[in-house]
Amino acid sequence: MDKDRIAGSARDFAGKVEGTVGSMAGDAKTEAAGRTREAAGTVQNLYGQAKDAARDAGDAAVGYAKDAYENSGETLRDGSQAVAKKVQDNPLGALLVAGGIGFALALLMTRPVRRPPPRWRY
């Protein structure tokens, strides 16, 4: 829990008490000051909640990244084993796919460079 949440809740409560006392005493100035303090406390509490949410999201992202890093070797190994099994099951299909990928890469790499048209100077 963030210190802004604690301070905001305390300020919110103090503002409610001050506003109630001002309302009961009939003092508009005290009541307005209490409502102002209550609003400031609510804002500070919401700011603390936002900080907590951002911290929790950052911690979750770090946890996911660590899990992905730790399991990346296992995932790569599983993927390579699956590809090897598919190639063993259908070698001709794998050869055709590899040839198609090579052909597409060759087309992309041998294309002439597109240049913008020259600009005329006046």
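This is a predicted model: local features need pLDDT of at least 70, side-chain atom pairs count only at pLDDT 80 or more; totals for chains, interfaces and linings use all residues.
1. Basis. Local features require pLDDT of at least 70 and side-chain atom pairs pLDDT 80 or more, whereas totals for chains, interfaces and linings use all residues. Numbering starts from 1 along each chain as its sequence is written, and side-chain values use heavy atoms, with hydrogens and water left out.

2. Helix H2. Helices are DSSP runs (H or I, at least four residues), numbered from the N terminus. H2 covers residues 28-89; at 1.5 Å a residue its 62 residues should span 92 Å, and its end C-alpha atoms are 85 Å apart, which agrees. The expected span is 1.5 Å times one less than the number of residues. A kink of about 50° is centred on Asn-71, the bend being the angle between axes fitted to the seven residues ending there and the seven starting there.

3. Buried residues of H2. Gly-34, Glu-38, Gly-41, Gln-44, Asn-45, Gly-48 and Asp-52 are buried (under 20% relative accessible area; exposed is over 50%, partly exposed in between; 1.4 Å probe, protein chains only). Their cover includes helix H1 (3-25).

4. Asp-4. This residue of H1 is buried, with a relative accessible area of 14%. Leaving aside residues up to four places away in sequence, Asp-4 touches Gln-44, Asn-45, Tyr-47, Gly-48 and Lys-51 (contact: heavy atoms within 4.5 Å). Asp-4 and Thr-42 are 38 residues apart in sequence and 10 Å apart in space, C-alpha to C-alpha.

5. Val-97. Located in helix H3 (residues 91-109), Val-97 counts as exposed because its relative accessibility is 52%.

Definitions and conventions. Helices (H or I, at least four residues) and strands (E, at least two) are DSSP runs, numbered from the N terminus.
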